[in-house]
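Please read it alongside the sequence and the coordinates.

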Amino acid sequence: MTFARESWPFVCPFPVAAAIAGALGHPGWAAGLALFGLAVLLFFRDPRRSYAGSPSTVIAAADGLVTRIDEVEDLAVGPGRRQLVVTFLSVFDVHIQRMPVDGEVVSSSLKPGKKVAAFRHDAGEINEGQLSVIRREDGDVIGVRQIAGLFARRVVCYLRPGERRARGERMGLIKFGSRVDLILPADYRILVKVGDRVRNGETPMAEPGRSA
């Protein structure tokens, strides 16, 4: 298993502190610090994922629990009604995000905001968030919004406008608890339901065209 490069500034102080505590004759403190450092490292884990299904399928951008499926208007993604699939990430979930589709990055911008609990219905409007808009080869536009949570300190996005990225590539992460919104065209068929647990780079989320 690999780990996100952003983990090291958070993880490295713990083994150093553990070594100091051990040298000063505090084995309990040393063990506790080492275990806490391991827990922080696991937060940044980046397991290998793949999806071998249809190239047209939209896959999960994030690990977590699907907490909301709705129809919305989001002019930052494009005009008209769209479908919203919200995934809530607990501190125990993998916090790397991956590209849900192949496509060109049309835009990727950070919106400053507050840090209320990510499970709140209005967290997408209130909290700091990074919206990336991706245009597929057929012209369909997909939005991925990385939203900071109550304890999330920073949203990290690797995407740059004008880049072409492949489905399943790493697109960023959110540090310590968060939410990821997948914003889809109105005619896409949603393949998940509220209460489902999904895995980034692996779980099919939607397909173009509603079922009859």
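1. Overall make-up. The model is predicted, not experimental. The protein has four helices and 16 strands. Of its 212 residues, 50% are buried. Its accessible surface amounts to about 10,400 Å², and carbon and sulfur atoms account for 60% of that area. As for contacts between residues at least 6 apart in sequence, 70% of them join residues at least 24 apart.

2. Strand S5 and its partners. Strand S5 covers residues 81–89 and is mostly covered, with seven of its nine residues buried. Strand S4 (residues 64–73) pairs with S5 in the antiparallel sense over eight bridges. Within this pairing, Glu 73 stands opposite Arg 81 of S5. Strand S13 (residues 178–185) is also paired with S5, again antiparallel and over eight bridges. Here Gln 83 is set opposite Leu 184, which belongs to S13. In general terms, the strands of a sheet pair through backbone hydrogen bonds.

3. The loop between S4 and S5. Asp 74 is located in this loop. Is Asp 74 buried or exposed? With a relative accessibility of 12%, Asp 74 counts as buried, because the cut-off for that class is under 20%. Leaving aside neighbours within four places in sequence, Asp 74 is in contact with Gly 80, Arg 145 and Ile 183.

4. The three-stranded open sheet. Three strands, in the order S3-S16-S14, form an open sheet with antiparallel pairing. Strand S3 (58–59) and strand S14 (189–190) stand at the edges; each has a single partner strand, so one side of each is left without a neighbour in the sheet. S14 is joined to strand S16 (residues 204–207) by two bridges, and these strands run antiparallel. Arg 189 has Glu 207 of S16 as its bridge partner.

5. Asp 196 and Lys 193. Asp 196 is found in the loop between S14 and strand S15 (197–198). Its side chain meets that of Lys 193 in a salt bridge, with an N to O distance of 3.0 Å. Lys 193 counts as exposed, at 54% relative accessibility. Not counting residues up to four places away in sequence, Asp 196 touches Gly 64, Leu 65 and Val 66.

6. Other salt bridges. How many salt bridges does the structure hold? There are 12 salt bridges in the structure. One of the pairs is Asp 181 with Arg 179, where the closest N and O atoms are 2.8 Å apart. Both of these residues, Asp 181 and Arg 179, are buried. Another pair is formed by the side chains of Arg 165 and Glu 169, at 3.4 Å from N to O. Arg 165 counts as buried at 16% relative accessibility, whereas Glu 169 is partly exposed, with a relative accessible area of 32%. A network of salt bridges also links Asp 46, Arg 98 and Arg 170.

7. Nonpolar surface. Which residues make the nonpolar surface patch of about 310 Å²? The patch is made by Val 16, Ile 20 and Leu 24. Ile 20 has its place in helix H2, which covers residues 13–23. Ile 20 is partly exposed, with a relative accessible area of 48%.

8. Leu 35 in helix H3. Leu 35 is placed in helix H3 (residues 27–43). With a relative accessible area of 59%, Leu 35 is exposed. Leu 35 and Pro 15 are separated by 20 residues in sequence, and their C-alpha atoms are 9.1 Å apart in space.

How values were computed
Residues numbered from 1 in each chain as written. Predicted model: local features only at pLDDT ≥ 70, side-chain atom pairs only at ≥ 80, totals over all residues. Heavy atoms only, no water. Salt bridge = Lys/Arg side-chain N within 4 Å of Asp/Glu carboxyl O. Buried < 20%, exposed > 50% of the residue type's maximum accessible area, 1.4 Å probe, protein only. Pairing = 2+ DSSP bridges. Patch = residues over 30% accessible without salt bridge, like charges linked within 9 Å, V, L, I, M, F, W, Y side chains within 5 Å. Areas by Shrake-Rupley, 256 points an atom, 1.4 Å probe, with all protein chains shown as cover. Contact = heavy atoms within 4.5 Å.
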